[in-house]
Amino acid sequence: MSLLTDLINLNLSESTEKIIAEYVWIGGSGMDLRSKARTLPGPVSDPSQLPKWNYDGSSTGQAPGEDSEVILYPQAIFRDPFRRGNNILVICDAYTPAGEPIPTNNRHKAAKIFSHADVVAEVPWYGIEQEYTLLKKEVKWPLGWPVGGFPGPQGPYYCGIGADKAFGRDIVDAHYKACLYAGVNISGINGEVMPGQWEFQVGPSVGISAGDEVWIARYILERITEIAGVGDWNGAGAHTNYSTKSMREEGGYEVIKKAIEKLGLRHKEHIAAYGEGNERRLTGKHETADINTFKWGVANRGASIRVGRDTEKDGKGYFEDRRPASNMDPYVVTSMIAETTILGKQ
């Protein structure tokens with residue numbers, strides 16, 4: 001086993017200039033991540049220097065068998081925390097051989113919104129709180145739960161410490177450090193209200209990079225749980241914090257209130273795009289607003305949109321959209337918020 005570990009940890013730079021690039025993309029379900037690796041002649045620092053690649057879309061639910069080739073376009077580069085050295089992880093999106101984005105390519109749609117001059121001028125910042133639950137692999141039951149049973153009532157687990165309150169911390173901390181190594185703008189972690197449930201935060205990130213960073217952070221988490229022999233499930237929420245340049249400047253609170261008003265007018269459209277199964281979470285209980293009701297408030301965790309006390313006091317800042325589910329596509333959510341609040345889509 002030690003020889004295998006030694007081989008896995010080989011430092012390629014001692015014998016070759018070649019590097020390994022792991023191309024990462026989103027599969028046909030919209031939640032499954034896929035990846036494969038290729039050898040490149042030397043270090044790469046910009047996605048434009050990377051070659052396009054292809055894969056069998058019929059095996060990912062993204063193309064028919066008789067015309068299965070899908071083309072990967074490299075879009076963002078991160079350092080590879082698994083192979084280290086000059087090796088890289090590459091976020092890609094997917095296109096037909098004719099250059100048309102495939103139907104599941106939400107990044108392409110988001111990039112069009114984020115490249116709009118009005119959106120660029122507002123420099124939209126996002127901070128995304130990704131909740132997830134670690135599962136026992138064999139029984140698909142949360143870590144820290146008795147098999148076939150339930151834990152004690154919530155209370156001691158949120159930000160808790162101790163062997164009877166925090167389960168899977170080694171995985172969580174490994175993920176935290178791996179994201180920092182990779183160049184993800186991960187800003188923190190914490191234990192959540194249920195045993196085995198954790199959260200990491202990405203941001204503040206600007207525009208399309210928020211989606212890139214959340215997706216690669218999810219990929220890194222999947223890889224770590226693969227190594228640890230544990231499953232993970234995106235259960236609960238992905239609260240999305242948001243601000244624009246105008247909101248962060250003097251008088252920004254009025255801009256925030258107008259933006260929230262615009263979000264309220266498109267509540268149904270946003271809910272439809274904010275993740276599957278949200279009706280089971282947005283019940284009006286457990287720090288959520290009812291899925292059919294739009295409301296906002298200062299420091300109100302039972303609202304659709306929460307504004308912080310500091311933002312109210314300072315007259316500028318950001319707000320939190322508490323509606324997105326943890327299985328949401330960050331490309332969809334971030335671009336839709338910008339489209340509604342900056343471009344005024346109704």
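Which hand does the crossing of H5 and H10 have, left-handed or right-handed?

**Entry 1: ground rules.** I am working on a predicted model, in which local features need pLDDT of at least 70 and side-chain atom pairs count only at pLDDT 80 or more, while totals for chains, interfaces and linings use all residues. Residues are numbered from 1 along each chain as its sequence is written, and side-chain values use heavy atoms, with hydrogens and water left out.

**Entry 2: H5 against H10.** I looked up helix H5 (residues 208–228) and helix H10 (residues 330–341), whose axes come within 8 Å and cross at roughly 160°; helices here are DSSP runs of H or I with at least four residues, strands are runs of E with at least two, and both are numbered from the N terminus. The axes are lines fitted to C-alpha atoms, for helices over the stretch in contact, with angles running from 0 to 180 degrees between N-to-C directions. H5 is therefore roughly antiparallel to H10, a term for angles over 145 degrees, as roughly parallel is for those under 35. To answer my opening question, the crossing of H5 and H10 is right-handed, meaning that the near helix is turned clockwise from the far one by less than a right angle, and left-handed would be anticlockwise.

For the contact (heavy atoms within 4.5 Å), I noted Ile208, Ala210, Gly211, Asp212, Val214, Trp215 and Arg218 on H5, and Pro330, Tyr331 and Thr334 on H10. These residues divide into six nonpolar, two polar and two charged, where Ala, Val, Leu, Ile, Met, Phe, Trp, Tyr, Cys and Pro count as nonpolar, Asp, Glu, Lys and Arg as charged, and the others, Gly among them, as polar.

**Entry 3: H2 against H10.** I then turned to helix H2 (residues 106–114), which packs with H10 at an angle of about 25°, the axes being 9 Å apart, so that H2 and H10 are roughly parallel. H2 passes H10 in a left-handed crossing. On the H2 side I listed Asn106, Arg107, Ala110, Ile113 and Phe114, which meet Tyr331, Val332, Thr334, Ser335, Ala338 and Glu339 of H10.

**Entry 4: the five-stranded sheet.** Five strands form an open sheet of mixed pairing in the order S2-S1-S5-S4-S3, two strands being paired if DSSP finds at least two bridges between them. Strand S2 (33–40) and strand S3 (53–56) stand at the edges with a single partner strand each, so one side of each has no neighbour in the sheet. S3 pairs with strand S4 (residues 69–79) in the antiparallel sense over four bridges, and I found Asn54 opposite Ile71 in S4.

**Entry 5: backbone checks.** Most residues other than glycine have a negative phi, and most peptide bonds are trans. I noted Arg84, not a glycine, with a positive phi of about 55°, in the loop between S4 and strand S5 (88–95). I also noted a cis peptide bond joining Gly203 and Pro204, with omega about 0°; Pro204 is found in strand S9 (residues 197–206).

Notes. Angles under 35 degrees count as roughly parallel, over 145 as roughly antiparallel, 65 to 115 as roughly perpendicular and the rest as oblique.
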